Amino acid sequence: MIFLIAWRNLWRNRSRSFIIIASVAFGMWSGLFIGALYFGMGKARMRIAIDHEVSHIQIHHPRFSDDQEAKYSMDSDSLLAVLESQPDIKSFSLRSVATGMLATTSGSRGIQVNGVDPTAEQTTRNLAGFVQQGDYLNIEQRNRVLVSTKLAEKLKLDIGNKIVVTLLDTAGAITSGAFRICGLYQSENAPQDELNIFVVKTDLDRLIGSNGRVHEAAVLLQKDDVLNQVCNRIKQVFPHLKVERWQDLSPETDLLLSSLNTYMLIFMIIILLALSFGIINTMLMAVLERTRELGVLMAVGMNKWRIFGMVVSETVMLAIIGAPVGLALVWLTVQWLSRTGIDVSVLMGEVMRDFGFATVIYPELPWHNVAQTFGLVVLAAVLAAVFPAWKALRLRPVDAIRG
Amino acid sequence: MNTVIDAHNISKVYNPDTIPVYAVNNVHLHIERGEFTAIVGPSGSGKTTLLNMLGGLDAPTEGYVEINGVNITKMPANKLIDFRLHNIGFVFQAFNLIPVLTARENVEFIMLLQKRPREERDHRVRELFAAVGLVDKLNVRPAQLSGGQQQRVAVARALASKPQFILADEPTANLDSHSAATLLDIMEKLNRDENMTFLFSTHDQRVIDRARRVITLVDGRIASDTAPTSTKIHA
């Protein structure tokens, strides 16, 4: 009967109840929508990191990561044999990598030269897809180089220009080579674009004398969830090599993903705090309007805990109605925006690229957080009802009936 | 006869530390089972305050009240509410039915608080609505009932818990003559047939005329405690 009274009380002042329901729905919508944006951005960042930057797994000589010296290389044949035998591997790219200086008439810059097999690189990280102008690397054409549009802009380079790179070869001696720009690329990660240039592996090998050996093997898997299994298998075969997962190679992405839930929780708490004050105000009005009635209930035998429960039930009912409405609205919003995306390139495109984020955000509803958000909304409603309910508890029947 | 209400020299003092105002002053009162008693007096004489203290809605500043031998004056709030639920029925001047509940639910609600089984509740609701003559208004909300009908539902609600006695504060004050007469008929019949104790606060002559005992309060003190025929009140 207490729930029946609470339920019917909700509809005594419909507009007031609708305002609370709308507030709860909006709170739920905004909390989950911000979560969906963050989650979408986080997942997109993860996909960029895996699909376009570091792949699922990278294998290096244990000292290469620290010193970046060409002499710390790996045997390509054994790597090839093992990687080709793994059914969970979608593609892999064996690279030569050297750090050095790029010099032009406009200036010089520290760079990382990536010697790649154009076909493997395409299947592993879709490098060709990033070419904005000119052509992708071609194994038939010697000493061609892909530079980023950002680097080209800074060093006033264009397609067809010649650049000179100075590197340390495998023996530690300084060596230089000239390359002609065949194309300009742009990925989602501006800082990486500024650092990396791409040449055909055989051209770089010739320059640094690596003799077909490789410095880096990037492995793309069929599925994300087999990462640890494949990683462990590779480690077993090559115990002397450094085998790293994308989380190790891009720790900032891993941190972003692992902190998403915390960010969402903080946002939700802020939103719910604001919502709570609205609920407190409205429920307090509802209690004060019904002072006489509450007095009568106490006089005829409804104890204080039941009164307390009735007031709290009213608020919880409003929250339970409002929360699914908010959930439905956020689902519709996310369904729509996950198809169209939110293009933020005009507002903050460069900023997004500077941090390695896509400029079109596709929100994705974090279903694993929905129950938590729902629980938080109900908890906020309960907590917000405590003060009005406490006010009701403090009523003396004799005073309340007198009004 | 046995004593249902025993008020031992109860007083209610407001502003005890500054200028004390005695709403009720040293009232000693016994109400026996089956009484049909009116507490009368002019406005401000302390009728309602006395009734509130007898019903455990207000605590006396001095003295104490016993209901069926149980001292309710120092009883903790929730225990007192529970005690009221099982022992005292209230009828208020302004009816005070719960507007969101139907007439039936207003009555059944009390029995639900007492955790009575469904069959017993159904039986008692039918019995009570027959007694107050509102069998056809079971599923009507208070706003759709006349004042007299609402007060009859309030009487049914007061009786629902099978209390020791019923306290009725100015029950006829808001009723027309016909409704007041009907209500008093019902209460008299309940008193006669079921030996239900009624204690009214009133300055309505129609109630006083039917009461078998009339206690007159003046300035918070009992001025007289007599048969009704000798009492005429001018508010």
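Trainee: What makes the side chains of S73(A) and R213(A) a polar contact?

Mentor: The side chains of S73(A) and R213(A) come to 2.8 Å, and a polar contact is a pair of N or O atoms within 3.5 Å, where within protein one must be able to donate a hydrogen and the other to accept it, and residues adjacent in sequence count only if both atoms are side-chain atoms. Before going on, note that this is a predicted model, in which local features need pLDDT of at least 70 and side-chain atom pairs count only at pLDDT 80 or more, while totals for chains, interfaces and linings use all residues. Residues are numbered from 1 along each chain as its sequence is written, chains are lettered from A and ligands numbered from 1 in the order in which they are written, and side-chain values use heavy atoms, with hydrogens and water left out.

Trainee: Why is S73(A) called buried?

Mentor: Buried means under 20% relative accessible area, exposed means over 50%, and partly exposed lies in between (1.4 Å probe, protein chains only); S73(A) has 9% relative accessibility, so it counts as buried. S73(A) sits in the loop between α3 (64–67) and α4 (76–84) of chain A, where helices (H or I, at least four residues) and strands (E, at least two) are DSSP runs numbered from the N terminus. Apart from neighbours within four places in sequence, S73(A) is in contact (heavy atoms within 4.5 Å) with H61(A), R213(A), V214(A) and H215(A).

Trainee: How do you know that E216(A) and R95(A) form a salt bridge?

Mentor: A salt bridge requires a side-chain nitrogen of Lys or Arg within 4 Å of a carboxyl oxygen of Asp or Glu, and the closest N and O atoms of E216(A) and R95(A) are 2.6 Å apart. This pair links distant parts of the chain, with E216(A) in strand β9 and R95(A) in strand β2 (residues 89–104) of chain A, 121 residues apart. E216(A) is buried because its relative accessibility is 9%, and R95(A) is buried because its relative accessible area is 1%.

Trainee: What makes E364(A) and K43(A) partly exposed rather than buried?

Mentor: E364(A) has a relative accessible area of 32% and is therefore partly exposed, and K43(A), at 30%, is therefore partly exposed too. These residues form a salt bridge, with the closest N and O atoms 3.1 Å apart.

Trainee: Why are both faces of strand β1 of chain A called covered?

Mentor: In strand β1 (residues 57–60) of chain A, I57(A) and I59(A) on one side and Q58(A) and H60(A) on the other are all buried. Two strands pair if DSSP finds at least two bridges between them, and β1(A) pairs in the antiparallel sense with strand β10 (residues 242–245) of chain A over 4 bridges. In β10(A), V243(A) is the bridge partner of I59(A). β1(A) also pairs in the antiparallel sense with strand β9 (residues 216–221) of chain A, over 3 bridges, and there A218(A) is the bridge partner of Q58(A).

Trainee: What makes up the area buried between chain B and chain A?

Mentor: Buried area is the accessible area (1.4 Å probe) that two parts lose on being put together, summed over both; here it is about 2,200 Å², of which carbon and sulfur atoms give 66%. I81(B), V100(B) and F109(B) supply 23% of the area that chain B buries against chain A, more than any other three residues. The contact takes 26 residues from chain B and 24 residues from chain A.
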